Amino acid sequence: MRRALLVGVCSALAACATVRPQPHPPSVSWEQRVTALQQAHGWRLDGRAAVAIGTQGWQATLNWRQSGMSAEVHLSGPFGIGALVLKQGPDGLSLNGAPPSDAVLAQVREKLGFDLPLENLHYWLLGVPNPAAGFDLSRNDQDRAKTMTQAGWSIAYDRYMPVAGDLLPARLVLSREEVRVRIIIDHRDGPT
């Protein structure tokens with residue numbers, strides 16, 4: 001009786017154990033996956049960015065909200081110092097509520113220290129190229145982007161995370177001339 005009870009308890013505990021699924025290549029082809037991600041309507045991520053420009057640099061928290069071709073990006077330093085809210089929409093880029101203009105673009109460049117490739121970054125954060133421009137890409141063993149060059153930038157994907165049945169970038173490094181941007185994604189909602 002005791003043995004049967006012990007076996008029953010062990011069986012019940014084993015049934016409750018969590019098994020972490022191992023990442024594996026998707027059942028869809030690379031081309032189908034890329035097309036679906038390039039056409040994704042909305043997604044969100046929260047993380048951190050570290051920028052090095054020559055010998056200078058800065059760090060910020062990063063919150064990105066994508067809806068169609070419109071993006072809202074929040075960057076803020078420690079304790080919210082130097083917070084920036086960038087909004088990319090059909091009319092252009094706005095900064096902290098100021099309407100899109102050439103002056104806003106110059107101000108964003110001055111504050112960041114480089115031209116932010118916001119329209120391309122929308123795709124790069126999903127691990128795919130912008131379909132509107134030429135690119136070179138190599139894939140890893142899991143059939144995801146490993147390295148990519150596009151629009152004068154080199155992108156290296158260091159790590160992926162499981163999101164909604166897929167693997168999406170968790171860490172990437174963008175570089176161009178003296179600029180190096182490292183993005184670490186702590187949390188993200190899958191694309192819809």
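Which strand gives the most to the lining of the largest cavity? I checked, keeping in mind that this is a predicted model. The answer is strand 2, with three residues.

**Entry 1: the overall layout.** I started with the elements and found four helices and 10 strands in the protein chain. Reading along the sequence, I wrote down α-α-β-β-β-β-β-α-α-β-β-β-β-β. The chain has 192 residues, and buried ones make up 38% of them. Then I looked at contacts between residues at least 6 apart in sequence: 43% of these join residues at least 24 apart. For the accessible surface I got about 11,500 Å², with 55% of that belonging to carbon and sulfur atoms.

**Entry 2: the largest cavity.** Next I counted the cavities of 30 Å³ or more and got two. The largest cavity holds about 110 Å³ of space. I listed 13 residues in its lining, and A49, L62, L75, L116 and L121 are the ones nearest the centre. Besides strand 2 (56-67), at least two lining residues each come from strand 1 (42-53), strand 3 (70-76), helix 4 and strand 10 (179-189). By class, I noted 13 nonpolar residues in this lining, no polar ones and no charged ones.

**Entry 3: the second largest cavity.** This one has a volume of about 30 Å³. I found F114, L116, P117, L121, W153, L174, V181 and I183 lining the space. What classes are in the lining of the second largest cavity? I get eight nonpolar residues, with no polar and no charged ones.

Entry 4: I moved on to the second largest pocket, which has about 220 Å³ of space. Its lining has 13 residues, and L93, L105, L116, P117 and L118 are closest to the centre. Helix 3 (102-112) and helix 4 (118-124) are the elements that give two or more residues to this lining. Here the classes divide into seven nonpolar, three polar and three charged.

**Entry 5: one proline.** Last, I picked P169, which is found in strand 9 (residues 166-176). Is P169 buried or exposed? P169 counts as buried because its relative accessible area is 0%, and the cut-off for buried is under 20%. Leaving out residues up to four places away in sequence, I noted that P169 touches W124, L125, L126, G127, Y157, R159, Y160, M161, I185 and R188. I also checked K146, 23 residues from P169 along the chain: the two C-alpha atoms are separated by 9.9 Å.

Key. Residues are numbered from 1 along each chain as its sequence is written. This is a predicted model: local features need pLDDT of at least 70, side-chain atom pairs count only at pLDDT 80 or more; totals for chains, interfaces and linings use all residues. Side-chain values use heavy atoms; hydrogens and water are left out. Buried means under 20% relative accessible area, exposed over 50%, partly exposed in between (1.4 Å probe, protein chains only). Contact means heavy atoms within 4.5 Å. Accessible areas come from the Shrake-Rupley method with a 1.4 Å probe; for residues, only the protein chains shown count as cover. On a 1 Å grid over the protein atoms alone, a cavity is a set of points where a 1.4 Å probe fits but cannot get out, and a pocket is an open set with protein on both sides within 12 Å along at least five of seven lines; lining residues have an atom within 4 Å of a point. Grid points are joined across faces, edges and corners, and a volume is the space filled by probe spheres set on the points. Ala, Val, Leu, Ile, Met, Phe, Trp, Tyr, Cys and Pro count as nonpolar, Asp, Glu, Lys and Arg as charged, and the others, Gly among them, as polar.
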